[in-house]
Amino acid sequence: MPTPRQDPPQDSPSKNDVMQIWECRDGVRFLRAIGVNTRDTVVDFGCRVGHYTIPAALAVGPSGLVYALDKDPVPLDELRRKATRHGVRNIVTMTADSPREVDIDDGSVDVVLLYDVLHYFIRSQRRKLMRRMARLLKPRGLLSVFPKHTADDWPSREFKNLHVSDVMREIQAGGFRLENQHEATLSHDDELVQGCVWNFRKNERRTKSR
Ligand SMILES: C[S@@+](CC[C@H](N)C(=O)[O-])C[C@H]1O[C@@H](n2cnc3c(N)ncnc32)[C@H](O)[C@@H]1O
């Protein structure tokens, strides 16, 4: 006999509700905790539908700005619809495939988010991406990385043979110094997970000489 379908209890929130609470409340708290401040300019590279873009826009407030970049225009449409629904006006969406196409002034950015995106890039592309992000950042700028899909964690794409420690070494060799690791509830693929972001500051001497 087929098992009767079990509807979730009426008071349990839907996946959409959970992600909306993340975007409007818990994601904002998380970004503030890692050092995103009112009036900051943030780049969310590989933003998809904006599970970090919306909280970043709320964290920086109306005097701040968030550049949301993705190579795929489809999720950017969804992000723009969401921003309108939330009444958020400080997001600039950009379709960009390579770091060269990122049309933002050098030295104008306070925070770069590279969340669950680096595994799409081969090593030489990652190096170029790091150089471009280092140039975008202000001298005390923050680079925050959420590494997923390494050999330690659902290996996939360019990271399947790399460990988190290898990726972190690469970033440091690219002109950044590790400031801290921050464990938190994070968004990943439309769900909330426990995870760790790695926060870096620009290494002044290296990036000036490029
Ligand atoms: C797994 S999603 C992560 C989305 C978001 N950062 C998050 O954590 O919720 C990775 C996104 O990076 C984008 N992406 C991959 N390669 C890219 C590239 N070369 N340039 C810009 N975006 C890229 C993909 O289109 C995808 O939307």
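With 11 C-beta neighbours inside 10 Å, arginine 39 counts as exposed, because the limit for that class is 12 or fewer. The structure described here is a predicted model.

**Loop residues**

- Arginine 39 lies in the loop that runs between helix H1 (15-34) and strand S1 (41-45). Its phi is near 75 degrees, a positive value in a residue other than glycine.
- Histidine 149 also has a positive phi, of about 65 degrees, although it is not a glycine. This histidine 149 belongs to the loop between S5 and helix H5 (164-173).
- Histidine 149 counts as partly exposed because it has 18 C-beta neighbours inside 10 Å.
- Glycine 107 is placed in the loop between strand S3 (91-95) and S4. It has 12 C-beta neighbours inside 10 Å and therefore counts as exposed.
- Glycine 107 and arginine 140 are separated by 33 residues in sequence, and their C-alpha atoms are 9.9 Å apart in space.

**Strand S5 and its partners**

- Strand S5 comprises residues 137-146 and is mostly covered, with seven of its ten residues buried.
- S5 pairs with strand S4 (residues 109-115) in the parallel sense, over six bridges. In this pairing, leucine 113 stands opposite serine 144 in S5.
- From S4 the chain passes through helix H4 (residues 123-136) to reach S5, and this β-α-β crossover is right-handed.
- S5 also pairs with strand S7 (residues 191-202), here in the antiparallel sense and over four bridges. Leucine 143 stands opposite phenylalanine 200 in S7.

**Nonpolar core**

- The largest nonpolar core has 53 residues. Val43, Ala56, Val66, Val112, Leu113, Leu114 and Leu143 are those with the most contacts inside it.
- Valine 112 touches Val43, Phe45, Met133, Leu136, Leu137 and Leu143, when residues up to four places away in sequence are not counted.

**Ligand surroundings**

- The ligand has 17 residues around it, of which Gly46, Arg48, Lys71, Tyr115 and Tyr120 come nearest.
- By class, the shell around the ligand holds eight nonpolar, three polar and six charged residues.

Conventions:
Residues numbered from 1 in each chain as written. Predicted model: local features only at pLDDT ≥ 70, side-chain atom pairs only at ≥ 80, totals over all residues. Near = placed C-beta within 6 Å. Nonpolar A, V, L, I, M, F, W, Y, C, P; charged D, E, K, R; others polar. Core = buried A, V, L, I, M, F, W, Y, C linked by C-beta atoms within 7 Å. Buried ≥ 20, exposed ≤ 12 C-beta atoms within 10 Å, placed from the backbone. Contact = placed C-beta atoms within 7 Å. Helix = DSSP H or I, 4+ residues; strand = E, 2+ residues; numbered from the N terminus. Pairing = 2+ DSSP bridges. Right-handed = clockwise from strand over helix to strand, strands pointing away.
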